[in-house]
Number of protein chains: 4
Amino acid sequence: MAEGKTDHALERLVFFSDAVFAIAITLLIIEIHPPHLPRTAGDIAHIAALAELIPAFVGYFISFWVIGMFWMGHHRAFALAAHYSPRILGWNMALLSIIAFMPFATAYASANYMQSVPTIFYCAVLLLAALLNLKVNRTATSPPMVDETADPQAIHYVRQRGLAVVLGAATAVGLSAVLPVIGQMGLISIPLWRLALGRLGRKAPAAD
Amino acid sequence: MAEGKTDHALERLVFFSDAVFAIAITLLIIEIHPPHLPRTAGDIAHIAALAELIPAFVGYFISFWVIGMFWMGHHRAFALAAHYSPRILGWNMALLSIIAFMPFATAYASANYMQSVPTIFYCAVLLLAALLNLKVNRTATSPPMVDETADPQAIHYVRQRGLAVVLGAATAVGLSAVLPVIGQMGLISIPLWRLALGRLGRKAPAAD
Amino acid sequence: MAEGKTDHALERLVFFSDAVFAIAITLLIIEIHPPHLPRTAGDIAHIAALAELIPAFVGYFISFWVIGMFWMGHHRAFALAAHYSPRILGWNMALLSIIAFMPFATAYASANYMQSVPTIFYCAVLLLAALLNLKVNRTATSPPMVDETADPQAIHYVRQRGLAVVLGAATAVGLSAVLPVIGQMGLISIPLWRLALGRLGRKAPAAD
Amino acid sequence: MAEGKTDHALERLVFFSDAVFAIAITLLIIEIHPPHLPRTAGDIAHIAALAELIPAFVGYFISFWVIGMFWMGHHRAFALAAHYSPRILGWNMALLSIIAFMPFATAYASANYMQSVPTIFYCAVLLLAALLNLKVNRTATSPPMVDETADPQAIHYVRQRGLAVVLGAATAVGLSAVLPVIGQMGLISIPLWRLALGRLGRKAPAAD
């Protein structure tokens, strides 16, 4: 098979992944069922009905941000790849199967918010996604897939970011087990982990 | 990273956005549940069941037109961009999260049509989308993203159109608060605002 | 704006349309709800439950074929277009809004099969899609959109096919009004109409 | 029509197919309904509710893998095609209609797991998909579609893989009829069939 062909295979893989990310992120909304009040219901009743959906709205925006973040990481990693390798297929499929699972985990955690098991379940699904994401992004930025002309700094950044997401998700799982109310807040630690890893990284030279 | 690479990042962003717009617009329909009448039901009963869905049908076509309009604006703005900039990512994601939220807002407003809170809620979601749309389109048509060879008139048109959508959505929110029956009609003011802005624009020279 | 830019706008329009066609065709299935029988249910009960879904299965495959056929026509027409024109946008959006409406019309007709109103409703939605399809395909194969080097025979074929779909859908509406049992069968007349138009066409020379 | 045009038709067909595969695979999740327990429910009740969903989770991951496998086969076959032929359209549409049907078959088999009829139904749908997949992949890797420069070994591999999927699905149908508990396990025979076919193939020279 010619070079152009293998690059086309890479493009089609990226396209398929993008589509799954886009569909999963957009399907999040269909798990929120619109309240249907009797026509005699007043404004207060409507506001109360919307207020009851606040955990579902919060869950929607958190998961939208989370899936979006995974998509951006995938985006960045594959921008550094120039060749197709069949070894990425299985791992990428596994990652996509967890991403497509997110609407369920989100709906379950939102319907039973601040409960221990649903919050741990949600964060564990996220941790699994983060681990698969790390594996996929490392594979895409390693030979034989990596673009030989890619900036080593950019590769280093992608990998470090992947690691920070794993550590942040692990923090969220740990927090959920102790105090479910603040479980998902553990995700906020992702930028902190990135910062911490960045400090460590600045001491060691970036590997190519 | 080479020039070609950054353009590829822009293409992938546009593709992802298009997919979310397309999915959100097509998901609008699944919030309308088909009536299932007993087999003894006559034609009159069927016509009555369909008639009851008229607000849902109207809501579907309004939101299809609204999401389609936002997509066209996005389309026009990104046709004028030639370079990728990471600063667009966050705003674009925020815009997409509101676009993907539209099926919920539509179903809620349709199920409780002509009610004050649902109509204001729908129009407020629209206003938020319009504001994010303005920000995204301005970023895409400004340096460093803008195509240096792009027609300044075309850039001016895209931005003015974005502003007219904001003003139209704000009009709809205002009308909904006063008279929910005609709330969504406020959207019809969008072309009027565009006309008004066009008159103002003709006096001032187009900025590049 | 350069030539390349306008072609890119055409590509993005085609992509968006393809996505809506693909999503609408795949959403058809979610309107069929899987039977959930008690674990003590025997094979006969299961076969009976599946047999009850036969109208839903038939409706699914008819609509899959119908949407697929519209997509193929769109596909053929835009393969003959080389330039973008803003005048296609509105008509294309209108066509897509009816295509995305098909899962509802299908579910309604299937849930109330062989009933007069649901069958007429389904066929009328189809007729509307066929008319918009005709308009979109004619616009895409006319100046200023048409590829100047396109084969006039191919253009003639696309337009004739569009007309046959309109006549077939009209036949289905007529049949539904008289005898709902065989209403959707009217669609089978599409190839007959194409044949009839083909005979007429052979007498007249193909226009460019 | 120029060469470039027909290749564009091939690309658009591949894109449409990819989109349907991606949507069908992502829609699998919406058939699993998240448990919504009262706020007084303890951790044990939550774990029990999740445990009850295990057959649904298993069904989700099996079908994700199955659709993913069909997509990869489609991917591989079309990577070897260089020309468009209208004769692929009908078969490809038929394949897509069965792929898009998978979320229903999965939900039905999962909701009634280890029951005879639902398991046979699921495996029979799979067998149908495997047969259509074989036909589509053979058409894409035969003249006039095949890339004349394609490696005959790669073509041989794609076809053999398609045959192994058919034999594996047939094994699963057979097993389901005898012992529904292990029916879907029959799919595990796919790699075994591929191995067996590979041994046979090594004796005969690969045809181009």
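This is a predicted model: local features need pLDDT of at least 70, side-chain atom pairs count only at pLDDT 80 or more; totals for chains, interfaces and linings use all residues.

Student: OK. How many residues of chain B are in contact with chain A?
Tutor: On the chain B side 30 residues take part, and they are in contact with 27 residues of chain A.

Student: Which elements of chain B supply at least two residues of that side?
Tutor: Helix 1 (3-27), helix 4 (87-99), helix 5 (102-111) and helix 6 (116-140) of chain B each do. Helix 1 of chain B gives the largest share, eleven residues.

Student: And by class, what does the side of chain B that touches chain A have?
Tutor: That side has 23 nonpolar, five polar and two charged residues.

Student: Next pair. How many residues does the contact take from chain C and from chain B?
Tutor: The contact takes 30 residues from chain C and 28 residues from chain B. On the side of chain C that touches chain B, two or more residues come from each of helix 1 (3-27), helix 4 (87-99), helix 5 (102-111) and helix 6 (116-140) of chain C. Helix 1 of chain C contributes eleven residues, the largest share. By class, this side of chain C divides into 23 nonpolar, five polar and two charged residues.

Student: What rotation superposes chain B on chain A?
Tutor: A rotation of 90 degrees with 0.0 Å of shift along its axis, and the RMSD is 0.0 Å. As for the surfaces used, 10% of the contact residues of chain B recur in chain A, and the copies use different surfaces.

Student: Why do we say that chains C and B meet through different surfaces?
Tutor: Only 10% of the interface residues of chain C are also interface residues in chain B, so the copies meet through different surfaces.

Student: What about chain A and chain C, how far apart are their closest C-alpha atoms?
Tutor: They lie 10 Å apart, and no contact joins chain A and chain C. Chain B and chain D do not touch either, with their nearest C-alpha atoms 10 Å apart.

Student: Change of topic: helices. At what angle do helix 6 and helix 7 of chain A pack?
Tutor: Helix 6 (residues 116-140) and helix 7 (residues 152-178) of chain A pack at about 165 degrees, with their axes 8 Å apart.

Student: Roughly parallel or roughly antiparallel, then?
Tutor: Angles over 145 degrees count as roughly antiparallel, and helix 6 and helix 7 of chain A are therefore roughly antiparallel to each other. Helix 6 of chain A passes helix 7 of chain A in a left-handed crossing.

Student: Which residues make that contact?
Tutor: Helix 6 of chain A gives, among them, A:Cys123, A:Leu127 and A:Leu134, while those of helix 7 of chain A include A:Gly162, A:Val166 and A:Val173. The residues of this contact divide into 17 nonpolar, five polar and two charged.

Student: One more. How do helix 3 and helix 6 of chain B pack?
Tutor: Helix 3 (residues 54-79) and helix 6 of chain B pack at an angle of about 10 degrees, with their axes 9 Å apart. That makes helix 3 of chain B roughly parallel to helix 6 of chain B. B:Phe70 and B:Gly73 are among the contact residues of helix 3 of chain B, and B:Ala129 and B:Asn133 among those of helix 6 of chain B. By class, this contact has seven nonpolar, three polar and no charged residues.

Methods: Residues are numbered from 1 along each chain as its sequence is written. Chains are lettered from A and ligands numbered from 1 in the order in which they are written. Two residues are in contact if their C-beta atoms, placed from the backbone, lie within 7 Å. Helices (H or I, at least four residues) and strands (E, at least two) are DSSP runs, numbered from the N terminus. Ala, Val, Leu, Ile, Met, Phe, Trp, Tyr, Cys and Pro count as nonpolar, Asp, Glu, Lys and Arg as charged, and the others, Gly among them, as polar. Axes are lines fitted to C-alpha atoms, for helices over the stretch in contact, and angles run from 0 to 180 degrees between N-to-C directions. Angles under 35 degrees count as roughly parallel, over 145 as roughly antiparallel, 65 to 115 as roughly perpendicular and the rest as oblique. A crossing is left-handed if the near helix is turned anticlockwise from the far one by less than a right angle, and right-handed if clockwise. Copies are superposed by least squares on the C-alpha atoms of residues with pLDDT of at least 70 in both.
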